[in-house]
Amino acid sequence: MNATRILVIEDEPDLREGLRHNLELEGFAIDTAADGKDGLRRARSDGLGLILLDLMLPGLSGLEVLRQLRDGGSVTPVIIVSAKGQDRDKVAGLELGADDYITKPFTLTELTARVRAVLRRAQAKETPAVAAPAGVATGGAVLRFPELTIDFKRFTVTRDGVEHQLSRYEAEILRMLVDRRGEVVSRQDLLRKVWGYVHLPTTRTVDNHIARLRKKLEDDVENPRHVVTVHGLGYRFESAPEIPS
Ligand code: CA
């Protein structure tokens, strides 16, 4: 089996080469980029298992790299590498779809543990049999609703003939809501099941992802028909899928 390929986007040469050296010793194959633009270009290439993304970069900031990467539909796991005092940027990064963050200075043991944990989570999500909760009523990868088609395999939503790419988090939120359609799903439940960890500072992250999801799903985001807010409780998926003929 080929070694998992990790892209290190870091402008400090000593740290970049140190990460390369140590992660190679851990058995990973390493690509590097020293600025945001080159980082984004390399981040878009196929076959990457994970990206370590510094926030303070020349050319294009780490957050901008992440935004453009996720807007382009990439679901490659990203760990943000931030300096002390960048808490607000860390939160912004998680809301943009980063999978975890680590704060400088960190030990190699800490970094390796984070990398392996994120890779494990990503691999678990690629196996639908593991990811699908019990009692799934909807089953298949492609679901058709009036005026809406969701393809969970390709992470796409098609509405009025226009295809929208979903981020991995958007797709997982939607899957969970659809699987439990007609029921209220709480923000805490979404945080636990979709993000898989509890150190996120607020449930606002869920709300921001729901807002982005609605732009793709709903004709009128102010009056959503599919994903409705249940005030004080969470969200509920309302539409019933069409029965395949
Ligand atoms: Ca930097």
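A residue counts as buried when its relative accessible area is under 20%, as exposed when that area is over 50%, and as partly exposed in between. The views below are all taken from a predicted model.

**View 1. The salt bridge between Asp207 and Arg187.** The side chains of Asp207 and Arg187 meet in a salt bridge, with 2.6 Å from N to O. This pair links distant parts of the chain, since Asp207 belongs to helix H9 and Arg187 to helix H8 (residues 187-195), 20 residues apart. Arg187 has a relative accessible area of 18% and is therefore buried, whereas Asp207, with a value of 25%, is partly exposed.

**View 2. The salt bridge between Glu170 and Arg212.** A salt bridge joins the side chains of Glu170 and Arg212, at 3.7 Å from N to O. Glu170 lies in helix H7 and Arg212 in helix H9, so the pair ties together parts of the chain that are 42 residues apart in sequence. Of the two partners, Glu170 is buried, with a relative accessible area of 2%, while Arg212 is partly exposed at 30%.

**View 3. The second largest pocket.** The second largest pocket holds about 200 Å³ of space. It is lined by 14 residues, of which Arg70, Asp71, Leu96, Glu170 and Arg212 are the closest to its centre. Helix H3 (62-71), helix H7 (168-179) and helix H9 (204-217) are the elements that each give two or more residues to this lining. By residue class, the lining divides into 6 charged, 5 polar and 3 nonpolar residues. Because domain 1 (5-122) and domain 2 (142-237) both contribute lining residues, the pocket lies between them.

View 4. The calcium ion is coordinated by Asp11 (OD), Asp54 (OD) and Met56 (O), at 2.1 to 2.3 Å. Along the chain these donors follow the spacing D-x42-D-x1-M. Asp11 lies in the loop between strand S1 (5-9) and helix H1 (13-25), and Asp54 in strand S3 (residues 50-54), so the pair ties together parts that are 43 residues apart in sequence. Asp11 is partly exposed, with a relative accessible area of 28%, whereas Asp54 counts as buried at 2%. Asp54 also takes part in a network of salt bridges that links Glu10, Glu12, Asp54 and Lys104.

**View 5. The salt bridge between Arg154 and Glu163.** Arg154 and Glu163 form a salt bridge in which the closest N and O atoms are 3.3 Å apart. Arg154 is partly exposed, with a relative accessible area of 47%, and Glu163 is likewise partly exposed, at 44%. Across the whole structure, a search finds 25 salt bridges.

Key
Residues are numbered from 1 along each chain as its sequence is written. This is a predicted model: local features need pLDDT of at least 70, side-chain atom pairs count only at pLDDT 80 or more; totals for chains, interfaces and linings use all residues. Side-chain values use heavy atoms; hydrogens and water are left out. On a 1 Å grid over the protein atoms alone, a cavity is a set of points where a 1.4 Å probe fits but cannot get out, and a pocket is an open set with protein on both sides within 12 Å along at least five of seven lines; lining residues have an atom within 4 Å of a point. Grid points are joined across faces, edges and corners, and a volume is the space filled by probe spheres set on the points. Helices (H or I, at least four residues) and strands (E, at least two) are DSSP runs, numbered from the N terminus. Ala, Val, Leu, Ile, Met, Phe, Trp, Tyr, Cys and Pro count as nonpolar, Asp, Glu, Lys and Arg as charged, and the others, Gly among them, as polar. Domain bounds come from an automatic or database domain assignment. Donors are N, O and S atoms within 2.8 Å of the metal (3.2 Å for Na, K and Ca); water is not among the atoms, so sites may look incomplete. Buried means under 20% relative accessible area, exposed over 50%, partly exposed in between (1.4 Å probe, protein chains only). A salt bridge is a side-chain nitrogen of Lys or Arg within 4 Å of a carboxyl oxygen of Asp or Glu.
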